[in-house]
Structures are given as structure tokens and as C-alpha cells.
Amino acid sequence: MTALSVSHDVAVTWLESAFQGRAESLAVQLDVPLLAPDRLEAGLLLQVGETGLQLQAMGADAPGPVRVDFAEGALAHRRLYGGGAGQMVARAAGLRGSLRPSVLDATAGLGRDAFVLAALGCQVIMIERQPVIAALLADGLERARLAGGETAEIVGRMRLIQADAIVTMADWNEPIPQVVHLDPMFPHRDKSALVKKEMRVFRPLAGDDLDAPALLAAALALASHRVAVKRPRKAPAIAGHKPSAELSGQSSRYDIYGIRKL
């Protein structure tokens, strides 16, 4: 995945007539076709409706829609019962005691790991280069802010940049992050690895991060303390640099590249 452009097989539509105007604006923003609800010829549809923005794959065996919801569902459950600073992503990022490092999540995706770190008190900047995925994440952040309460407070510690992470890290003009978090799309061959509906929807859209070595090199050049790279448990480390530590879970692991102790 090297381009910032949106696949031509993506289109925008609306689920209720009240959201036609927002759908029109989004189609212009992403430079993709706008389709009326009775003309659904695209392979992937960004649907605008009362519950926000969602991405729906089309076809007989397509999974359900993908959307970002920080206030309810799996992320809310994980915030309450996920294990706090004992979670693998928190340990990989170096959270301990009252220490809450500044984090750059350079492969933000749907913002799940960033939300966990922000919920634990970290300031998190996110970069997502695929425009459709970034639009879903931005929509989820905005709805969380409008919801108020604790969720709004958490996403107040999250900021999204839609850009190419390699270029952005090379030209970084913000305070230097202590930790850079990476979760590159891994080029799976086993179809069982695509069971999750997000993977089934996003892989045709985003492709694989074939420039992961360059992404890691840029992260290592930027982070002041460490880079944490999420990988499938049995996948090889990213070529070019040897991790200094490793954290393993049931299905994934973190390769940690320590620059100096937090």
C-alpha cells in the first residue's frame, strides 16, 4: 500500500434522505462516485446515516458493515474490562505505574489501539493514510466528542492526521513522540486469517504494507524512546532491524525496538 488515492471501486451513498447532503460532500472530499440508494454498483459503499458513517462490502457473502464506535460495543467493553495497563499494547508502549508516554500511532486503522492507550491516559497522535479508513475513524471521533462524558474526554487525547506516515514522520514538526506504535497490514496467505470482517473489507481497499521496512526505519528515526510493532504471532519480524524485546499473546505479538528506557 503506497498510494493515498481511493480505489475506484468505492462509492458513497446515503441511508436516509436527510443525509444526502453529507454524502455529496463526502464524495467530493474523497473524489469517489456518489450513488443514489437505488444504484448500488460499487464493490464497497460508504454509507451515511443516522448512526454515522459505515463501510459496507457488496455481494452475496459480504460481511456486515464496518464502523467506528468508541462509546458502545467492543471498545467500550474493552475500556471497562480489558485489563487496563496490563494489556499487551499498554505493556508494549511502556506504560507502568503513573508513566504515560506520548504516542504516535502511525498505522491507526480504526483507532482501537490508540483508544486503549488514550483511555489509559496517553496523548496519542494517529496517522492513517487510506482516505476511506481515515474518514471512518474521523467520523467515530466526532461522534464520540458529541456524546460527551468519559468517552469524549478520552478522544480529546486523540488526534488524527490523514497522510502517508513515512513522509509525515520524515518531515515531523510536532513534539517528538516517546513511542511510535506500528501495526502494518501483513500479507497473509492463509484464508483463515481473513475471518474478521474488518480484514475482509479492508484488505481489498488498503492492500498490504509492502513498505513496512521503510515505515519501521522512519519510526526508529523519530521515536525518542521505543517503537512497538504489532505482528501476527508466527510472522517474521520486519526486515532490516532486529527487535530488542518481544511480547507474545495467543494470536499476536509485539516486537519492541528499544532506543532508551522510558
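A nonpolar core is a set of buried Ala, Val, Leu, Ile, Met, Phe, Trp, Tyr and Cys residues joined through side-chain atoms within 4.5 Å. Buried means under 20% relative accessible area (exposed is over 50%, partly exposed in between; 1.4 Å probe, protein chains only). This is a predicted model: local features need pLDDT of at least 70, side-chain atom pairs count only at pLDDT 80 or more, and totals for chains, interfaces and linings use all residues. Residues are numbered from 1 along each chain as its sequence is written, and side-chain values use heavy atoms, leaving out hydrogens and water.

Select L46, F70 and M158. These have the most contacts inside the largest nonpolar core, which has 49 residues. Helix 5 (residues 131-147) gives the largest share of this core, seven residues. Helices (H or I, at least four residues) and strands (E, at least two) are DSSP runs, numbered from the N terminus.

Next, select V48. It sits in strand 2 (residues 44-49) and is buried, at 0% relative accessible area. Beyond four places in sequence, its contacts (heavy atoms within 4.5 Å) include W14, F19 and L53.

Three strands form an open sheet, order 1-2-3, with mixed pairing (strands pair if DSSP finds at least two bridges between them). Strand 1 (10-14) and strand 3 (52-57) are the edges. Strands 2 and 3 pair antiparallel over six bridges. Find L45: opposite it, in strand 3, is Q56.

Finish with helix 1 (residues 20-30). This helix packs on the sheet, touching strand 1, strand 2 and strand 3.

Methods:
Axes fitted to C-alpha atoms, helices over the stretch in contact; angles between N-to-C directions.
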